[in-house]
Amino acid sequence: MSSNIDLVIFGARGDLSKRKLFPALYHLDKAGLLADSVRIAGVAREDIDSIIFIEQTRTILENAVGESEWDETVWKRFSHRLQYIRIDFSQKKQFSALKEWSIEKRTIVYYMATPPSIFGSICKHLDEAGCVAKTSRIVLEKPIGHDLESSQEVNDTVGRYFPERNIYRIDHYLGKETVQNLLALRFANRMINSQWDNSCIDHVQITAAETVGIEGRWSYYDKVGQLRDMVQNHLLQLLCMVAMEPPNSLEADEIRAEKVKLLRALSPIDRDNVVSQAVRGQYAAGWVAGEPVVGYMEEEGCTGDSSNNETYVALKVYVDNWRWTGVPFYLRTGKRMKDKVTQVVITYKDNPHSLFPETDDEANNRLIINLQPNEGIQLEMVSKKQSLKQRMGVEKRTLNLDFFDSAGDSRIPDAYERLLLEVIKGDQWLFVSRDEIEASWRWCDTLLDAWVDKKVGTKSYSAGSWGPSKAEILIENDNRSWHED
Ligand code: BG6
């Protein structure tokens, strides 16, 4: 357990802090994973005192963690760690309050739960106030830039004050247990990793579908879109975990180097293939979970009569390397879709010859890795039908590894618990390196430019559906279909 660590959360009154960071820290404390000496400072510009901040944090936590997880003894311990420090981030002088709070020889972790536009000025003010030591760490939330150039600016600015080994760029998907389990699945199972290439795998599908819309973020989201919001980071990270080469070890540098290699091997989607390999969609009004919902252009905060921003993306991506040549990776992600599902589906190739002509039910093996909502892994296999009617009928059966079942009473930790724990330990293996961010922006920029170049518009889809029909065509053209339970 790491002691001698203090945590400073910039943006402590914001949504991320309330929904994710404080609950995650509470759970870590409850699990006995925070050393007694760890202190937590919430920093924001609001003029409240520490007592009010702590009282309000209690209310937030009670709601967030629920009655069954609430423990008065843990809260007592946790509340003693907390302190509120009021700082207007634009006022350099006010950062001296942090200097006063800090204790020499302790490592401080600065968590930027703020808009990226102010990362630079916060770093500068911290430095000028003498708050950045050789050991200080900084945690950055996405988005890191809007394209390659702006991401380089953010990285350069932060890099002026913090060396790369102390910068922790969050992609919360990497904190999810099932995403880490991809490493175990692939590299701890000889049976799986010996079949993990273009000689055995027909294609891969990665889906991150959400039922929510843009949740009051219209003015932000309209400048961003689903490609930047979800593909550039979460989907490409998932793709890396699925497709990267085995790292030499589980050390951060080894894993991150393999991810960079994979990102650099992505075949570009450019003006020549953008129409056949990428689909953009935008949701219109429809029904989600039995409730009527408005379309993107009727969302709260919407300005103007039309927008060419995508709320849905489907892509056919190739990886140009020895292992994956010829294997398409179909990626799709969208808002206001039928169900909340995050899933990786690996479909294996056909057998070279069928011995079971009596049945239609002989299916390709499929490995389904569910990240949300039910974390677990399923392997679809073919086995004999128990029946006297057919001589040798076969059917598809499923082997199920359900994480909830095997977790017993213990809860599956939220991604932020794992990520905060790793920052406190000083291990970057679940964080995104500068090289990864830049390689993924480089690839996305080519696609974004191609959309502009070829004037590719968005196709409408009804809220509560699986996206525009063009996305069905994208995969059906290859005689395949999207996996649906
Ligand atoms: C965030 C995106 O990074 O991820 C949101 O900005 C999206 O738009 C969210 O809703 C999805 O995360 P999860 O863990 O619910 O799949």
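Predicted model: local features only at pLDDT ≥ 70, side-chain atom pairs only at ≥ 80, totals over all residues.
Residues are numbered from 1 along each chain as its sequence is written, and side-chain values use heavy atoms, without hydrogens and water.

Student: Are α10 and α15 parallel, antiparallel, perpendicular or oblique to each other?
Tutor: The axes of α10 (residues 225–243) and α15 (residues 434–453) come within 10 Å and cross at roughly 135°. Axes are lines fitted to C-alpha atoms, for helices over the stretch in contact, and angles run from 0 to 180 degrees between N-to-C directions. Under 35 degrees is roughly parallel, over 145 roughly antiparallel, 65 to 115 roughly perpendicular, and the rest oblique. The pair is therefore oblique.

Student: How are α10 and α11 oriented to each other?
Tutor: Helix α11 covers residues 252–264. Its axis and that of α10 come within 9 Å and cross at roughly 105°. The two helices are therefore roughly perpendicular.

Student: Which residues of α11 meet α10?
Tutor: Contact means heavy atoms within 4.5 Å. From α10 come Leu236, Gln237, Leu239, Cys240, Met241 and Ala243. Their partners in α11 are Lys259, Leu262 and Leu263.

Student: What is the distance from a ligand oxygen atom to an N or O atom in the side chain of Asp229?
Tutor: Residues around the ligand, with a heavy atom within 4 Å of it, include Asp229, Met230 and His234. For Lys176, an N or O atom of the side chain is 2.7 Å from a ligand oxygen atom. For the side chain of Asp229, the value is 2.6 Å.

Terms used
Helix = DSSP H or I, 4+ residues; strand = E, 2+ residues; numbered from the N terminus. Polar contact = N/O pair within 3.5 Å; in protein donor to acceptor, adjacent residues only side chain to side chain.
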